[in-house]
Amino acid sequence: MRTHAVVLTRPRDLALAELTLASPSATDIVVDIAWSGISTGTERLFYTGEMPPFPGMGYPLVPGYEAAGEVVAAGPESGLDVGDHVFVPGANCYNDAYGLFGGAARRLVTDGRRAIRIDAALGREGALMALAATARHAVAGPHAERPDLIVGHGVLGRLMARLCVADGGPAPTVWEVDPDRRSGAAGYEVIDPETDTQRDYAAIYDASGDASLIDTLIGRLARGGVLTLAGFYSTDIRFAFPTAFMKEARLRVAAEWTRDDLEATRALVETGALSLGGLVTHSATAADAAAAYATAFGDPACLKMMLDWKDMA
């Protein structure tokens, strides 16, 4: 089998290409992707060439770990059926490209245990399941404490805030420096950090991915408070020790979501407790992938860009 896929041949060189797919095994499914999302965190770093060394990375690379589509073939041991609509967190199924992420393709092959059934009615929002599970892992994973300040009102920050509202507890405050991104809050307040005088937050979650904020955020903690790094950082994490010492600050890193996070998130979405609405602001056909990636990485008004693969052969 062959497929069309987005391929990064080297930093800042991205195009649509035709690739050969690995043959599926008894545990695999073949999925025709309808929508794939563009990550402005890890994928941007691959695009710019700034990604730190990471196992399995290299060029040419198929990006994308946010994909939703329909199963068109299913191995007898895959646990899924033809016609199932699934979320797929990427795939390493290309004979002529790296598939560290591998979700930005019209058709892909993956182990059925990696995919999860979703409601077809979710449409393009079904591709947001990875980000929603990442947010859930951050606020409900090991050693998590309920956030009372979230930094950044991008998609990840919004999802973390929505999860806090969904569980019925106190709503967090959210910082956002871009006035245009302060809209869209439901049940929580988004403010300009310059107007915030509070310096005793018990749990701060950084969703900005900006390592230069670490000292500022530690200075806003209560004594014994915890700073959770929920973004992905391309530079070394450094902080001034005296302030951290005086605060007895704790540092926590929220890693990748687990299968339990994904299933818990799906349940929240299916019951209506968690909305994925209003997060996808832009979409483009897969044929216009190069322009779509430029918009996703360069337009501040773009919260989330989705590629539409449905018209690709």
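The structure is a predicted model, in which local features need pLDDT of at least 70 and side-chain atom pairs count only at pLDDT 80 or more, while totals for chains, interfaces and linings use all residues. Residues are numbered from 1 along each chain as its sequence is written, and side-chain values use heavy atoms, with hydrogens and water left out.

Helices (H or I, at least four residues) and strands (E, at least two) are DSSP runs that are numbered from the N terminus. Strand β12 spans residues 221-229 and runs parallel to strand β13, residues 250-253, with four bridges joining the two. Two strands are said to pair if DSSP finds at least two bridges between them. One of the residues involved is T228, whose bridge partner in β13 is R252. Together with helix α5 (residues 241-247), strands β12 and β13 build a right-handed β-α-β unit. Here, right-handed means that, with the strands pointing away from the viewer, the path from the first strand over the helix to the second runs clockwise.

The surface of this region also deserves a look. I237, F239, F241, F245, M246 and L251 make a nonpolar surface patch of about 630 Å². Patches are made of residues with over 30% relative accessible area and no salt bridge, where like charges are joined within 9 Å and nonpolar side chains (Val, Leu, Ile, Met, Phe, Trp, Tyr) within 5 Å. The accessible areas come from the Shrake-Rupley method with a 1.4 Å probe, and for residues only the protein chains shown count as cover. Helix α5 gives the patch its largest share, three residues. F239, in turn, is found in the loop between β12 and α5. With a relative accessibility of 38%, F239 counts as partly exposed; the scale runs from buried (under 20% relative accessible area) through partly exposed to exposed (over 50%), using a 1.4 Å probe and protein chains only.

H143 is another non-glycine residue with a positive phi, of about 65°. The loop between α2 (129-140) and β8 (149-151) is the place of H143, and this residue is exposed, with a relative accessible area of 74%. A further backbone feature is the cis peptide bond from Y59 to P60, with omega near 0°. P60 lies in the loop between α1 (42-48) and β4 (67-74).

Attention now turns to charged side chains. A salt bridge is a side-chain nitrogen of Lys or Arg within 4 Å of a carboxyl oxygen of Asp or Glu, and by this rule the count comes to 15. In one of them, R107 joins D32, with the closest N and O atoms 2.6 Å apart. This pair links distant parts of the chain, since R107 is in strand β6 (residues 107-111) and D32 in strand β3 (residues 28-38), 75 residues apart. R107 is partly exposed at 26% relative accessibility, whereas D32 is buried at 17%.

K304 and E66 also meet through their side chains in a salt bridge (3.0 Å, N to O). K304 lies in the loop between α7 (289-298) and β15 (305-308) and E66 in the loop between α1 and β4, so this pair ties together parts that are 238 residues apart in sequence. K304 is buried, with a relative accessible area of 3%, and E66 is buried too, at 0%.

Within helix α6 (residues 259-271), E263 and R259 are four residues apart, or about one helical turn. Their closest N and O atoms are 3.1 Å apart in a salt bridge. E263 is partly exposed at 34% relative accessibility, and R259 is partly exposed at 32%. Elsewhere, salt bridges that share partners join D81, D84 and R117 into one network.

Finally, A138 sits in helix α2 and is buried, with a relative accessible area of 1%. Leaving aside neighbours within four places in sequence, A138 is in contact (heavy atoms within 4.5 Å) with residues including A144, M160, Y205 and R252. The C-alpha atoms of A138 and R107 are separated by 31 Å, and these residues are 31 places apart along the chain.
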